[in-house]
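Have a look at the model with me, and then read on.

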Amino acid sequence: MKKLRDLLYKVSIDKVVGVTDVNVEKIVFDSRAVATDDVFVAIKGTASDGHEYIEKAIELGARAMVVEELPTDQNSDVTYVVVENSHKALALMAANFYENPSRDMKLVGVTGTNGKTTTTSLLYQLFKNLGYKTGLISTVEILIDGKSIATKHTTPDPMTINEHLDAMRGAGVDYCFMEVSSHGIAQERVTGLHFAGGIFTNLSHDHLDYHATFAEYRDVKKRFFDELPATAFAIYNKDDKNGPVMVQNTKAIKLGYALKTYTDYQAQILENQFGGLLLKVNGHELWTKMIGEFNAYNVLAIYACAMELGLTELEVLETISKLDGVAGRFQYFTTAKSHITAIIDYAHTPDALKNVLETINSIRTKNENLITVVGCGGDRDNTKRPIMANIATSLSDKVILTSDNPRTEDPLTILKEMESGVEPQNFKKSITIADREQAIKTAANMAGEKDIILIAGKGHETYQEINGIRHDFDDRLKITTILNQLEK
Ligand SMILES: CC(=O)N[C@H]1[C@@H](OP(=O)(O)OP(=O)(O)OC[C@H]2O[C@@H](n3ccc(=O)[nH]c3=O)[C@H](O)[C@@H]2O)O[C@H](CO)[C@@H](O)[C@@H]1O[C@H](C)C(=O)N[C@@H](C)C(=O)N[C@H](CCC(=O)O)C(=O)O
Ligand SMILES: Nc1ncnc2c1ncn2[C@@H]1O[C@H](COP(=O)(O)OP(=O)(O)OP(=O)(O)O)[C@@H](O)[C@H]1O
Ligand SMILES: N[C@H](CCC[C@H](N)C(=O)O)C(=O)O
Ligand SMILES: [Mg+2]
């Protein structure tokens, strides 16, 4: 039991009706999860308004309401706290509820359009391999010093974040690396967390269904840096034109990283092949298993972060060279007989797809054909669909357009939107097969000796989501099984 008054510490309150000296069991923002003695936070969402469920929450036993607007019918047994912003109130209350676990460890947040999962997962591996107790909050999973917990969001809601940080504190975690998505910042999911540092990877087209314009999307990301404390570091990609914008108004210590511009942390690519990257970092040669220029940025960012957290340079360089890749990010294998290479990559934005295709093109030889299988998710930014099909057909020899989590949309409508982006000279390169398994089978059948198949968009995902149901589907399993059968 906690006192409501203690949970409200730092919350910007307009008015209180009733007493705050009451005990509450837990903080809930979904009326369907309310139980006796909870405090219900009413949030105005994208689909509905939590204020409509206040009565329901009271029926289920809630004793206190945190609201932006007072209901006309008030219940005299209930306390109403009117706040300026319910999202912010929820986040601050969640941190108070769990007694600010983020203050008891070094928490680093990574934001940007692409590379968040890669960067946070590499940081997790690096620190863990160096013997530190480490935590991770990512799209793929939450890790508490080796213990994996399934997750549905990239950046979970504030109660979930603080609950996991609390468990990390209990496990003696010293460092935690977390992804900070634009939805997470916009909905204040990370408000009230104490960050030791932040990292900006890059900014390109995504989520323009949720954020009205690109400028709004950029400014939401920037807010994360605006709110870092003066004691924190802000490591930013200086080669990205939005990098300097991100840190323009931050109080944190600004540190740039770049391959092409003069700045605090610089690297050069000496070699870039299927086996990995050879970099020159701060005068040292660094070999890494990660592939492609974009991964040179990710590796440089984690090196900069480790340096800012006070680790020893040589130890860090040596450990980075041993790190494995990240699940579903440029994960690849080559078959034994026909030497076909299959690459599974989570590229689900135009920029990521372009980077992955350019990376493959820069390392393949002329007689190795590139066959790309790609789709675009339903109920997500539809403006990226023609662009991704255009990129795929411009940079591959053959493309199979297919489905990627249609959700509640008709897959054929999504595919029509993708097809509209294919240029006439590339019509012959492209076919559409809505069934993803058939699309992968067709790619495997098309592939000749030494050809390369890229399956983009789903990476680590183990499902295909259709009308609210997640059906088992793993690109990695499908392509391995199909290619192995063909080689028998
Ligand atoms: C668009 C979006 O981000 N939606 C998130 C948001 O829901 P919402 O604002 O739509 O909520 P709503 O349905 O309008 O309801 C408003 C309020 O009423 C409450 N309610 C609703 C019904 C009811 O009966 N009783 C009740 O109390 C709800 O709990 C909520 O508090 O707040 C919910 C609670 O935290 C989230 O679960 C939900 O994520 C949805 C499922 C989602 O798909 N989000 C994705 C887009 C997302 O957040 N993605 C980013 C990563 C993107 C990237 O990869 O870059 C992420 O961080 O995961
Ligand atoms: N630094 C980078 N710059 C550009 N593209 C990248 C970078 N790192 C990874 N990618 C590409 O983007 C894809 C997604 O990478 P990753 O999962 O690390 O990004 P993310 O930011 O976590 O994405 P999400 O928003 O879905 O959480 C990768 O599979 C790869 O194709
Ligand atoms: N976190 C991203 C992942 C997209 C992955 C892709 N497979 C899709 O379903 O669109 C989102 O929810 O928008
Ligand atoms: Mg991610």
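**Around ligand 2**

I started with the shell around ligand 2, which has 6 nonpolar, 11 polar and 5 charged residues. For the classes I counted Ala, Val, Leu, Ile, Met, Phe, Trp, Tyr, Cys and Pro as nonpolar, Asp, Glu, Lys and Arg as charged, and the others, Gly among them, as polar. A note to myself before going further: this is a predicted model, where local features need pLDDT of at least 70, side-chain atom pairs count only at pLDDT 80 or more, and totals for chains, interfaces and linings use all residues. Residues are numbered from 1 along each chain as its sequence is written, while chains are lettered from A and ligands numbered from 1 in the order in which they are written.

Which residues come nearest to ligand 2? I found Gly 115, Lys 116, Thr 117, Thr 118 and Ala 352, out of 22 residues around the ligand. A residue is near a molecule if its C-beta atom, placed from the backbone, lies within 6 Å of it. Two or more residues of this shell come from each of α4 (116-129), α9 and α11 (350-363). The largest share belongs to α11, with 4 residues. These element names come from DSSP runs, numbered from the N terminus: helices are H or I with at least four residues, and strands are E with at least two.

**Around ligand 3**

Next I looked up ligand 3. Its surroundings are Thr 154, His 348, Gly 377, Arg 380, Asp 404, Asn 405, Gly 457, Lys 458 and Glu 461. By class I noted no nonpolar, 5 polar and 4 charged residues.

**Two helix pairs**

How do α9 and α10 lie relative to each other? Helix α9 covers residues 293-308 and helix α10 residues 313-320; their axes come within 10 Å and cross at roughly 150°. Axes here are lines fitted to C-alpha atoms, for helices over the stretch in contact, and angles run from 0 to 180 degrees between N-to-C directions. The two are therefore roughly antiparallel. My cut-offs: under 35 degrees is roughly parallel, over 145 roughly antiparallel, 65 to 115 roughly perpendicular, and the rest oblique.

In this contact, Val 299, Ile 302, Tyr 303, Ala 306 and Met 307 of α9 meet Glu 313, Val 316 and Ile 320 of α10. Contact means that the C-beta atoms of two residues, placed from the backbone, lie within 7 Å. I sorted the contact residues of α9 with α10 into 7 nonpolar, no polar and 1 charged.

Then I turned to α14 (residues 436-446) and α15 (residues 475-487), which pack at an angle of about 40° with their axes 10 Å apart. That pair is therefore oblique. Glu 437, Ile 440, Lys 441 and Ala 444 in α14 meet Lys 478, Ile 479, Ile 482, Leu 483 and Leu 486 in α15. This contact divides into 6 nonpolar, no polar and 3 charged residues.

**Loop residues**

I finished with some loops. Asp 37 sits between β4 and β5, and its phi is near 70°, a positive value in a residue other than glycine. Asp 30 is in the loop between β4 (27-28) and β5 (39-41).

Is Asn 467 buried or exposed? Asn 467 counts as exposed, because it has 9 C-beta neighbours inside 10 Å. The rule is buried at 20 or more other C-beta atoms within 10 Å, exposed at 12 or fewer, and partly exposed in between, with C-beta atoms placed from the backbone. Asp 37 is partly exposed, with 15 such atoms.
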